[in-house]
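Subject: Structure for you to look over

Hello,

Please find the sequence and the structure below. My notes on what turned up follow them.

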Amino acid sequence: MDRGFRLFPEQASTMAGRVDDLYFYLLGVSTFFTLLIAGLILYFAIKYRHGSRANRVDGKDRYKRWIEAVSIGVPLALELVMFIWGAKLYFSAVEVPAGAMEIHVVGKQWMWKFQHPSGRREINELHVPAGQPVRLTMISEDVIHSLFVPDFRCKQDVLPGRYVQSWFEATQPGEYHLFCAEYCGTDHSRMGGRVVVQTPSQYQAWLEGGTPGESPAQAGERLFTQLRCDGCHQGERSRGPKLANVYGSRVPLEGGENVLADENYLRESILRPAAKHVAGYPLIMPSFEGQISEQGIIDLLAYLKSLSAQQGGEQP
Ligand code: CUA
């Protein structure tokens, strides 16, 4: 951080070097053709200037098939390389590696709230261990924000009403700038902070240094009872679907379809239970829209995930 003027951001994540390689390839190809075309424009402008001898028509056919083939083939090949390289890079940028540690992110005007798997929370500052993939499950409480860490080449829009995922693996301990990259109102430019990358042992020590609080799953379990979810979703003769192992499973709906019970599905089922009618159960669950904070929903989801063997590669 604050290293004075730099032409390029530091390469501080596993993706950074790979993103830069493609960037320099694009930059190289564009520069080469810009110079080539500008040079040819200049050359022909002089060669075929008014009154030059080159303008005299001698009746010969100067069409050459190979020139046309090369001018189609070479750009086509270079662009196919861009496409395939870019697609591969995109997939590695969006596919979260197995075993990633999950951090919950809530964006709001104008701050970033982070929560670690242990339950420790922080605002506008994110501590992470180096050499460990970190999955960010993000949502906004109000408008669209975008979490941007230039040194990691990591940027993802954060939307209200649904979860989005992003990930990075920091490579070197240090401090890195964190920005909001989507104009979101008066204090948009101040909505940022820093990512503090520590060695795994320093990170462990940091985690233990905080005031010990509930883990998200514990807070979720408390909320589950508080909101009386247990009345219908627990016990032998419950009126609602059982929730053990529901996360990550496929839920059959009325009408024969089925949906994957991921974070967005569970969120919708809490807020708008009628949106997807689970087969075999009456539509009697009330809507919890406006009654639970985003943090509360995240806690409930953490609790539901803890009831499921399939935890999507998270750390306990
Ligand atoms: Cu949040 Cu810009």
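**Helix H4 and its cover**

In helix H4 (residues 216-226), the buried residues are Pro 216, Ala 217, Ala 219, Gly 220, Leu 223 and Phe 224. Viewed down the axis of H4, these residues fall within an arc of 155 degrees, so they line one face of the helix. The cover over them includes strand S2 (111-115), helix H5 (230-233) and helix H7 (294-306). After H4 comes Arg 228, with a positive phi near 65 degrees. Please keep in mind throughout that this is a predicted model.

**Nonpolar cores**

The largest nonpolar core has 30 residues. Within this core, Ile 103, Trp 112, Leu 136 and Phe 152 touch the most other members. Another core, of 26 residues, lies apart from it; Val 246, Ile 270, Ile 297 and Tyr 303 are among its residues.

Ser 13 sits in the segment before helix H1 (16-47). Is Ser 13 buried or exposed? Its relative accessible area is 7%, which is under the 20% limit, so Ser 13 counts as buried. Leaving aside residues up to four places away in sequence, Ser 13 touches Asp 151, Phe 152, Glu 169, Ala 170 and Thr 171. One of these contacts, Phe 152, is also a residue of the largest nonpolar core.

Arg 267 belongs to helix H6 (residues 263-271). With a relative accessible area of 5%, Arg 267 is buried as well. What does Arg 267 touch, not counting residues up to four places away in sequence? The contacts are Ile 139, Gly 161, Arg 162, Tyr 163, Glu 294, Ile 297 and Leu 301. Of these, Ile 297 is also among the residues of the 26-residue core.

**Surface patch**

A nonpolar patch on the surface is formed by Phe 32, Leu 36, Ile 37, Leu 40, Ile 41, Tyr 43, Phe 44 and Tyr 48. Together they have about 800 Å² of accessible area. Tyr 48 is placed in the loop between H1 and helix H2 (65-94), and with a relative accessible area of 40% it is partly exposed.

**Backbone points to check**

The peptide bond from Gln 109 to Trp 110 is cis, with omega near -5 degrees. Trp 110 lies in the loop between strand S1 (101-108) and S2.

Asn 124 is not a glycine, yet its phi is positive, at about 60 degrees. This residue is in the loop between strand S3 (121-123) and strand S4 (125-129). Asn 124 has 21% relative accessibility and counts as partly exposed.

Arg 153, again not a glycine, has a positive phi of about 55 degrees. Its position is in the loop between strand S6 (145-149) and strand S7 (154-158).

**Salt bridges**

Side chains of opposite charge can pair when their charged atoms come close. How many salt bridges are there? The count comes to 10.

- Arg 194 and Glu 125 meet through their side chains at 2.5 Å, N to O. This pair links distant parts of the chain, 69 residues apart: Arg 194 is in strand S10 (residues 193-198) and Glu 125 in strand S4. Arg 194 is partly exposed at a relative accessible area of 25%, and Glu 125 is partly exposed at 22%.
- Asp 187 forms a salt bridge with Arg 190, and their closest N and O atoms are 3.8 Å apart. Asp 187 counts as partly exposed at 26% relative accessibility, whereas Arg 190 is exposed, with a relative accessible area of 65%.
- Glu 289 forms a salt bridge with Arg 272, and here the closest N and O atoms are 2.9 Å apart. Glu 289 and Arg 272 both lie in the loop between H6 and H7, so the pair ties together parts that are 17 residues apart in sequence. Glu 289 counts as partly exposed at 43% relative accessibility, and Arg 272 counts as partly exposed at 35%.

Regards

Conventions
Residues are numbered from 1 along each chain as its sequence is written. This is a predicted model: local features need pLDDT of at least 70, side-chain atom pairs count only at pLDDT 80 or more; totals for chains, interfaces and linings use all residues. Side-chain values use heavy atoms; hydrogens and water are left out. A nonpolar core is a set of buried Ala, Val, Leu, Ile, Met, Phe, Trp, Tyr and Cys residues joined through side-chain atoms within 4.5 Å. Buried means under 20% relative accessible area, exposed over 50%, partly exposed in between (1.4 Å probe, protein chains only). Helices (H or I, at least four residues) and strands (E, at least two) are DSSP runs, numbered from the N terminus. Contact means heavy atoms within 4.5 Å. Patches are made of residues with over 30% relative accessible area and no salt bridge: like charges are joined within 9 Å, nonpolar side chains (Val, Leu, Ile, Met, Phe, Trp, Tyr) within 5 Å. Accessible areas come from the Shrake-Rupley method with a 1.4 Å probe; for residues, only the protein chains shown count as cover. A salt bridge is a side-chain nitrogen of Lys or Arg within 4 Å of a carboxyl oxygen of Asp or Glu. The arc is that of the directions from the helix axis to the C-beta atoms.
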